[in-house]
2 protein chains.
Amino acid sequence: MTLIVQKYGGTSVGSVERIEHVADKVISYRNRGHDVVVVVSAMSGETDRLLGLAKAIAPRPSPRELDVLLSTGEQVTIALLSIALDKRGYASRSYTGQQVHILTDSAHTKARIQEIGDKRIRADLEAGRIVVVAGFQGIDEHGDITTLGRGGSDTTAVALAAALKADECQIFTDVDGVYTADPRMVAQARRLERVTFEEMLEMASLGSKVLQIRSVEFAGKYNVPLRVLSTFEEGEGTLITYEEVQMEQALISGIAFSRDEAKLTILGVPDRPGVAFSLLDSVSSANIEVDMIVQNIGRDGTTDFTFTIHRNEYDRSLELVKARAQELGAREVTGDNKIVKISLVGVGMRSHAGIASKMFRALADEGINIRMISTSEIKISVVVDEKYLELGVRTLHDAFQLDRMPASIKPINAGFNSVSAHR
Amino acid sequence: MTLIVQKYGGTSVGSVERIEHVADKVISYRNRGHDVVVVVSAMSGETDRLLGLAKAIAPRPSPRELDVLLSTGEQVTIALLSIALDKRGYASRSYTGQQVHILTDSAHTKARIQEIGDKRIRADLEAGRIVVVAGFQGIDEHGDITTLGRGGSDTTAVALAAALKADECQIFTDVDGVYTADPRMVAQARRLERVTFEEMLEMASLGSKVLQIRSVEFAGKYNVPLRVLSTFEEGEGTLITYEEVQMEQALISGIAFSRDEAKLTILGVPDRPGVAFSLLDSVSSANIEVDMIVQNIGRDGTTDFTFTIHRNEYDRSLELVKARAQELGAREVTGDNKIVKISLVGVGMRSHAGIASKMFRALADEGINIRMISTSEIKISVVVDEKYLELGVRTLHDAFQLDRMPASIKPINAGFNSVSAHR
């Protein structure tokens, strides 16, 4: 007997027909003898409809009342799914965040989970019931309704899985797993049978929006095995796991990219302590997020700075930085908002040298000029001109042979096939 | 400083614009220095929409889940009203039934209130906030969401007023009070400034559907002054009060009627103990409600029975009674489904003789034949042919001069004018 927590997003429960489909899917797991706890989002469109009502009254509705309002979306879904399960002869109980005591802080519209009560759920599971829980919502210490922010249902599912010590947390979505690269860009892209939490975190932060980044952090922290699967297609999906169980790790798990980048370069900055801080502070105190930062030694006791920001912030940042650079006596400020970032991600990098040089050579062979480089322990990112995005991604996918499954890797969900309803 | 509990029904909060109008209305009372607790229903149409979703999945959804589903309707309204109040600079807090701890029994979809927590509400009122509470819903001892049945928001308002010892419970609706007769039928009908709870109960049970009968019972039981007012028009409405403060009571408060009546007569029933029970049991054990019951002495040691039922149950009742009458050896069963009931209601009847004979004479003068008579302490009902309904109501309205305010009655809300926002 295995305990699975499943999460179905707004698109998966977007209509009465889809809710019935989800009921069938849940039952297919129940029928294999698993205990199932289901977390659901609001039906797609419902959150926007409710938000529209609130904004028709006040442009900035009170966050406390917004949470009271929006939390009704998931409450509708849990009731409907439970009704669909009951109709099929499967006893079930639905619970709001308040009812299962998902205790959060009081940061309305972006609350964080602090504690989860498991008593009612355990009693229901012992009585053979399927438990349906409203995602996205909780309650604070005053008894006020809170929400976790958009995408918070993923976090609810992971937190529940951690609290219940579930064997697996399954996130059902409209893609069937995590790929070596965006399949719309690289025809040979391969679905990964597994990635590590660290890789998933890097990919999520790089724009591969399969999972909400907070839920991945949460899963990593509590060591909850997380699986991404499709609601609409059969398949094993991708398992995201904390442990590196394999002896030999694949060098590279995937290639992620981010389109909407821009960069600013400040040339000839006097090389004094506090200068770097002063330059970054000019943008970050305007709440503009800085991503990559590179500092080179310049000429004549000066230094050159480059950093990247979101393309939407380009004009404002340029203005702010120019003002500060003048105060500091820098020589020149230049910028470029037609750049993109391409990243190789893989925990195997840790133990393998030469990956960076192989990456740079592959790009150079195609005439792609690298404008910036940044590395972390499991990621190498390069900034290139926008026009080279597709070529760059495909080139790297080929160079690292990501279309082929590494010979050293055995199918990793062999030990977990019993969980899967689709063989 | 007076504490008022106000209730606004589904039509009153049927759109964003109407919710804004309700906010203005609430504030007009707050601005006169009153503490205000507002109870709201779901936006009109919302309950039906939700019910439609559930029924699209299962024809008979589980009552527990139906309550989880339907209770979201009021939750949306409380948030929107609170947002509208906040926008106008009036601090407010919204609460679900669960949050104010409206404890009910576990009879899902038709639960009864057992207890109400007043702690949070009192703290908010002391802090100068307007409190907005979801009507129609509560929570049982297990923490499961319950609903009070259609129209239950009236009951929530009255129960809250009783728990908070409010000075007045105001039910805002789409009529501007209780009338001496249906104004669509009698042009001279006059709005009553006040009626007693007993009169209101008789009128409600006779088809004057201004208030839900349970809320009137509740208000009477806990001695909560209840006022019916219009959301859309200015006015004092009608005060429903337990105490008969006036020295001299109006003889008659109003004329109520019920259209959908039918009657069955069993002639020549052997006059033995248990016969009455046996005849009634034939219909009541089929869950058909019997209203008036009249027994006359017949001829030759037999007795004649007549009773009325809802017109929709006529055919089925006739069949059931015929079968039982045959077993009992009765002579004949006849029926009529083209009858109506007209009633005079007034607590003044208690101390005044001659009202019944005045009523019968007035009807006889117009050639209206009375087919059945039934009396209670504060009501006289007659059954007449359907075609005489309008004539009968108008005749009685004239005969008892209900268009004129009794000379002995002073304007009764003189002592309570300060509560009213509309002078």
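What radius of gyration would a compact globule of 423 residues have, and what does chain A have? A compact globule of that length would be near 22 Å, and chain A has 24 Å, which agrees. This is a predicted model.

**Chain A overall**

The chain holds eleven helices and 18 strands. Along its principal axes, the C-alpha trace of chain A spans about 80 × 55 × 35 Å.

**A helix pair in chain A**

Two packed helices are described by the angle between their axes and the distance between the axes. Take α8(A), residues 275–284, and α9(A), residues 314–328. Their axes come within 8 Å and cross at roughly 150°. Angles over 145 degrees count as roughly antiparallel, so α8(A) and α9(A) are roughly antiparallel to each other. The crossing of α8(A) past α9(A) is right-handed. The table lists the residues that make the contact.

| Helix | Contact residues |
|---|---|
| α8(A) | A:Val275, A:Ser278, A:Leu279, A:Ser282, A:Val283 |
| α9(A) | A:Ser317, A:Leu320, A:Val321, A:Arg324, A:Leu328 |

By type, the residues of this contact between α8(A) and α9(A) are six nonpolar, three polar and one charged.

**The two copies**

Two copies of a chain are related by a rotation about an axis and a shift along it.

Note on methods
Residues are numbered from 1 along each chain as its sequence is written. Chains are lettered from A and ligands numbered from 1 in the order in which they are written. This is a predicted model: local features need pLDDT of at least 70, side-chain atom pairs count only at pLDDT 80 or more; totals for chains, interfaces and linings use all residues. Axes are lines fitted to C-alpha atoms, for helices over the stretch in contact, and angles run from 0 to 180 degrees between N-to-C directions. Helices (H or I, at least four residues) and strands (E, at least two) are DSSP runs, numbered from the N terminus. Angles under 35 degrees count as roughly parallel, over 145 as roughly antiparallel, 65 to 115 as roughly perpendicular and the rest as oblique. A crossing is left-handed if the near helix is turned anticlockwise from the far one by less than a right angle, and right-handed if clockwise. Two residues are in contact if their C-beta atoms, placed from the backbone, lie within 7 Å. Ala, Val, Leu, Ile, Met, Phe, Trp, Tyr, Cys and Pro count as nonpolar, Asp, Glu, Lys and Arg as charged, and the others, Gly among them, as polar. The radius of gyration is taken over C-alpha atoms; the globule rule is 2.2 Å times the number of residues to the power 0.38.
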